[in-house]
Amino acid sequence: MRKNMISENLEQQKLKAQRIAKEKQEEDRIRRQLLEKFAHDDKLEQISREKARRKTIEHKKEVEKILVERRRIREQEAEQERIAEEKSRRSDEIKRKIIEEERQRLLADYEKKAASLAQKRREQEQNGL
């Protein structure tokens, strides 16, 4: 019986050792799986960060491109406005010159008529005396 108990005790220890070894193997397997999963997640996160960084750079380039285009359009509009103002200024100057020439012509015509009328009046006055 004692031999039987010893044998049973050894059998229990052997089963316990097998169970502990099996649990350790399972724990090692879970550890490897988790480490692989975390490494995979880290890799995905790194790829995601790199993709986000590239997107940010792309967005900055696009914003700069849009700002450059807006500046170009504003400069073009300013140049068109300057040209329009110059045309308007020249047109006003031409109109002013035409008006001044016409005024001078009218004054000259008036002077001639006034001189002619004054001459006629003097002649009438001389003839009437």
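Is D41 buried, exposed or partly exposed? D41 counts as partly exposed, because its relative accessibility is 30%, which lies between the 20% and 50% cut-offs. The model that gives this value is predicted.

**Overall form**

The chain holds one helix and zero strands. Helix α1 covers residues 2-128. The C-alpha trace spans about 185 × 15 × 5 Å along its principal axes. The radius of gyration of the chain is 55 Å, whereas a compact globule of 129 residues would have one near 14 Å.

The burial figures concern the whole chain. Of its 129 residues, 0% count as buried. The accessible surface of the chain comes to about 12,900 Å². Carbon and sulfur atoms account for 55% of that surface.

The distance between K16 and D41 gives a local view of the chain. K16 has its place in helix α1. K16 and D41 are 25 residues apart in sequence, and their C-alpha atoms are 37 Å apart in space. K16 counts as partly exposed because its relative accessibility is 48%.

**Charges and salt bridges**

The chain carries 38 positive and 30 negative charges. A search of the whole structure finds 18 salt bridges. Three of them, including two that involve R31, are set out below with their N to O distances.

| R31 and E27 | 3.6 Å | four residues |

Why are R31 and E27 separated by about one helical turn? R31 and E27 are four residues apart in helix α1, so about one helical turn separates them. Their side chains meet in a salt bridge at 3.6 Å, N to O. R31 is partly exposed at 44% relative accessibility, and E27 is partly exposed with a relative accessible area of 47%.

D28 has a relative accessible area of 24% and is partly exposed.

K37 is partly exposed, with a relative accessible area of 45%.

**A nonpolar patch**

Which residues form a nonpolar patch on the surface? The patch is made of I30, L34, L35 and F38. Together these residues have about 380 Å² of accessible area. One of them, L35, is found in helix α1. L35 counts as exposed because its relative accessibility is 55%, and the cut-off for exposed is over 50%.

**Summary**

The predicted model shows a chain with one helix and zero strands, and 0% of its residues count as buried. The nonpolar patch of I30, L34, L35 and F38 lies on the surface.

Key
Residues numbered from 1 in each chain as written. Predicted model: local features only at pLDDT ≥ 70, side-chain atom pairs only at ≥ 80, totals over all residues. Heavy atoms only, no water. Helix = DSSP H or I, 4+ residues; strand = E, 2+ residues; numbered from the N terminus. Rg over C-alpha atoms; globule rule 2.2 N^0.38 Å. Buried < 20%, exposed > 50% of the residue type's maximum accessible area, 1.4 Å probe, protein only. Areas by Shrake-Rupley, 256 points an atom, 1.4 Å probe, with all protein chains shown as cover. Lys, Arg positive; Asp, Glu negative; His and termini not counted. Charge placed at Lys NZ, Arg CZ, Asp CG, Glu CD. Patch = residues over 30% accessible without salt bridge, like charges linked within 9 Å, V, L, I, M, F, W, Y side chains within 5 Å.
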